[in-house]
Amino acid sequence: MKILVINGPNLNMLGIREPEIYGRETYQDLLEYIKTSAAELGADVTCYQSNHEGDLVDQIQAAYGVYDGIVINPAAYTHTSVAILDALKAVSLPAVEVHISKVSEREAFRQISYAGMACKKTYAGFGFAGYKMALEFLLDFERAE
Ligand code: DQA
């Protein structure tokens with residue numbers, strides 16, 4: 001199964017940004033973690049990160065016909081971007097939302113997730129493990145199809 005993992009703005013700053021919330025591991029560490037998890041699970045994974053909303057929309061659109069599923073942490077765009085929601089709906093690929101932190105216990109403005117409305121499942125507050133859980137979910141979902 002070919003899966004595209006998309007990370008949004010400021011996730012490239014992992015390890016530096018608010019370590020009390022996001023931990024001390026870096027974005028490079030996250031890439032390694034996803035690579036190892038994908039190998040264990042037998043998934044073919046490509047990772048993409050951008051700080052730009054339109055680039056994230058472009059990547060989602062480009063996934064159509066190429067990937068079998070999407071794992072997405074839209075970061076701050078989770079709470080603002082109808083464009084990312086529409087792109088996920090447009091390609092209609094099975095998608096899973098991931099957040100490193102437990103957004104449900106954070107500020108009021110983080111309580112809405114537009115992208116999540118087009119996702120089959122959300123994993124939030126599990127740190128990097130949420131990405132592996134999302135890969136497992138997509139593999140199980142594909143097997144059940
Ligand atoms: C985040 C949560 C978002 O609210 C925040 O804007 C992020 C990261 C997370 O992974 O916990 O940048 O998506």
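Predicted model: local features only at pLDDT ≥ 70, side-chain atom pairs only at ≥ 80, totals over all residues.

Reply: The turns below take up the labels one at a time and set each value against its definition.

Me: How do you know how many helices and strands the protein chain has?

Reply: Helices (H or I, at least four residues) and strands (E, at least two) are DSSP runs, numbered from the N terminus. By that rule the protein chain has 5 helices and 5 strands, and along the sequence they follow the pattern β-α-α-β-α-β-α-β-β-α.

Me: Why does the radius of gyration of the protein chain agree with a compact globule?

Reply: The radius of gyration is taken over C-alpha atoms, and the globule rule is 2.2 Å times the number of residues to the power 0.38. For 145 residues a compact globule would have a radius near 15 Å, and the protein chain has 14 Å, so the two agree. The C-alpha trace spans about 40 × 35 × 25 Å along its principal axes.

Me: What share of the residues in the protein chain is buried, and what does the word mean here?

Reply: Buried means under 20% relative accessible area, exposed means over 50%, and partly exposed lies in between (1.4 Å probe, protein chains only). Buried residues make up 45% of the 145 residues in the protein chain.

Me: Why is the contact between Lys 102 and Glu 105 called a salt bridge?

Reply: A salt bridge is a side-chain nitrogen of Lys or Arg within 4 Å of a carboxyl oxygen of Asp or Glu. The closest N and O atoms of Lys 102 and Glu 105 are 3.4 Å apart, and the pair therefore meets the definition. Lys 102 counts as partly exposed at 43% relative accessibility, whereas Glu 105, with 61%, is exposed. The structure holds 5 salt bridges.

Me: What makes Arg 106 buried, and how is Arg 106 linked to other residues?

Reply: Arg 106 has a relative accessible area of 18%, and is therefore buried. Its side chain meets that of Glu 107 in a salt bridge, at 3.8 Å from N to O, and Arg 106, Glu 107 and Arg 110 are linked in a network of salt bridges. Glu 107 is partly exposed, with a relative accessible area of 34%, and is found in the loop between strand S4 (95–99) and strand S5 (121–124). The C-alpha atoms of Glu 107 and Lys 89, 18 residues apart along the chain, are separated by 27 Å.

Me: How do you know that Arg 143 and Asp 140 are separated by about one helical turn?

Reply: Arg 143 and Asp 140 are 3 residues apart in helix H5, which means a separation of about one helical turn. Their side chains meet in a salt bridge at 2.9 Å, N to O. Arg 143 is exposed, with a relative accessible area of 60%, while Asp 140, with 46%, is partly exposed.

Me: What makes the phi of Glu 18 and of Ala 75 worth a remark?

Reply: Most residues other than glycine have a negative phi. Glu 18 has a positive phi of about 30° although it is not a glycine, and phi of Ala 75, also a residue other than glycine, is near 55°. Glu 18 is found in the loop between strand S1 (2–7) and helix H1 (19–22) and counts as partly exposed at 35% relative accessibility. Ala 75 has its place in the loop between strand S3 (69–73) and helix H4 (82–91), and at 13% relative accessibility Ala 75 counts as buried.

Me: Why is Glu 145 called exposed, and where does Glu 145 lie?

Reply: Glu 145 has 70% relative accessibility and so counts as exposed. Glu 145 lies in the segment after helix H5 (129–144).

Notes:
Residues numbered from 1 in each chain as written. Heavy atoms only, no water.
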